[in-house]
Amino acid sequence: MRTVVRIANIVKAKELIPITQAHIDACTYIGKGGLTFVNELVSMGGKVTVPTSLNSISVDRRRWEQLNVPPTLGIPAYAVSEAYLKLGGNANTFTCAPYALPQSIHPSPKFGEHIAWGESNAVIYSNSVIGARTIKYPDYLDICAALVGRVPAYGAHLEEHRRPTIVLDVHTLIQEQLLFLLSDNNILKNIEAELDSFFPLLGYVCGILSDSRVPLIIGLESCSIHNDQLKSFSAAFGTTGSAALFHLAGITPDAKANDNWTTEVSALPCVKVTLVDMQKAFGALDSVGVNLNGTPSTHSTPIDLVALGNPHLSLTECQEIAKMLASSEKEPNSSRGLRKHHDVKVMVNLGSSLLMTHVGVCSQNRLFP
């Protein structure tokens, strides 16, 4: 409690507020200090006071030795995870996508609830898509909050810090690019793949353009966006932007609940998101044909492994990947007309709860929960 109060004094919070749950990012082993810290909490008899989920950790808890992880990492990483379980963390979680956990395993936060979540993509998703209230809790403050069940009232916990401070306009981009992908005249065959790439790329760009400001993104109101696309948008936004949330006009709950923003946002700076912005971002993310030092490569780079699942994949995403990998050498994959190269291995990462309940979905992939 002293730590939480001291943080409250530093950020000049007027009060402490109760939380309904926590998500612990500190369970990932990054050095001896983290293990010493959590072991001290255990020795003091610490127990969480709210439902607490745990983030994905540094190793596979069940198979790290089989995977040839060196004991110098495997042993302390396992020990850290065990210590957080002793504090009362939920053993059926260990995921970087706690918002996707079944209600039977861990309660989902609700609109307006105050929570203490670490892990950037989870914070962005919970604030923006669910409408819960949390800051980006740093390691060790997250478990302190879980132990006392209270947090300082500041940042995205407060309504005044959730309001948009910049407008990002994607109307033209949507009209010229996204609607083109959906048109009958589109010559691209892999439309679904293009859409899968569009939203994380857009999130990446919006994070860059908004920087530390909370953006209201306009122009997507007529689009049908599903949860996996919102997840990928949130993760990419959290990679490049330092704000704890975004708003999609007409889509995300805070934006829908605040019609009075219309007058306020008219006075905000407005930036148009362009195709050039998207192309620059794609170039920064696409390492094919680029050497490790960033210079162009004169030869092609072979790919041996494709690893997917950061954030952890959903059941729908696993099913889609399974379809893509299901075809034989004689038959192209699913409806996209694609075929996996026989020399390329595919690894998917997902939470243990999903693996336990749907273990057969991606039987052709290597599964590492």
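Student: What should I know before reading the values?
Tutor: Residues are numbered from 1 along each chain as its sequence is written, and side-chain values use heavy atoms, without hydrogens or water. Since it's a predicted model, local features need pLDDT of at least 70, side-chain atom pairs count only at pLDDT 80 or more, and totals for chains, interfaces and linings use all residues.

Student: Which side chain of opposite charge is nearest to D228, and how far away is it?
Tutor: D228 is buried (under 20% relative accessible area) and has no salt bridge. A salt bridge needs a Lys or Arg side-chain nitrogen within 4 Å of an Asp or Glu carboxyl oxygen. The nearest side chain of opposite charge is K231, at 4.3 Å.

Student: Which side chain does the side chain of D228 make a polar contact with?
Tutor: A polar contact is a pair of N or O atoms within 3.5 Å, one able to donate a hydrogen and the other to accept it; residues adjacent in sequence count only if both atoms are side-chain atoms. At 2.9 Å, the partner of D228 is the side chain of S314.

Student: Is the aromatic pair of Y99 and Y125 stacked or edge-to-face?
Tutor: Rings of Phe, Tyr and Trp (its six-membered ring) pair if their centres lie within 6.5 Å; planes under 30 degrees apart are stacked, over 60 edge-to-face, the rest tilted. Y99 and Y125 are 4.0 Å apart centre to centre, with 20 degrees between the planes, so the pair is stacked.

Student: Which residues form one aromatic cluster?
Tutor: The structure holds 5 aromatic pairs. The residues in one cluster are F233, F237 and F246.

Definitions and conventions: Buried < 20%, exposed > 50% of the residue type's maximum accessible area, 1.4 Å probe, protein only. Lys, Arg positive; Asp, Glu negative; His and termini not counted.
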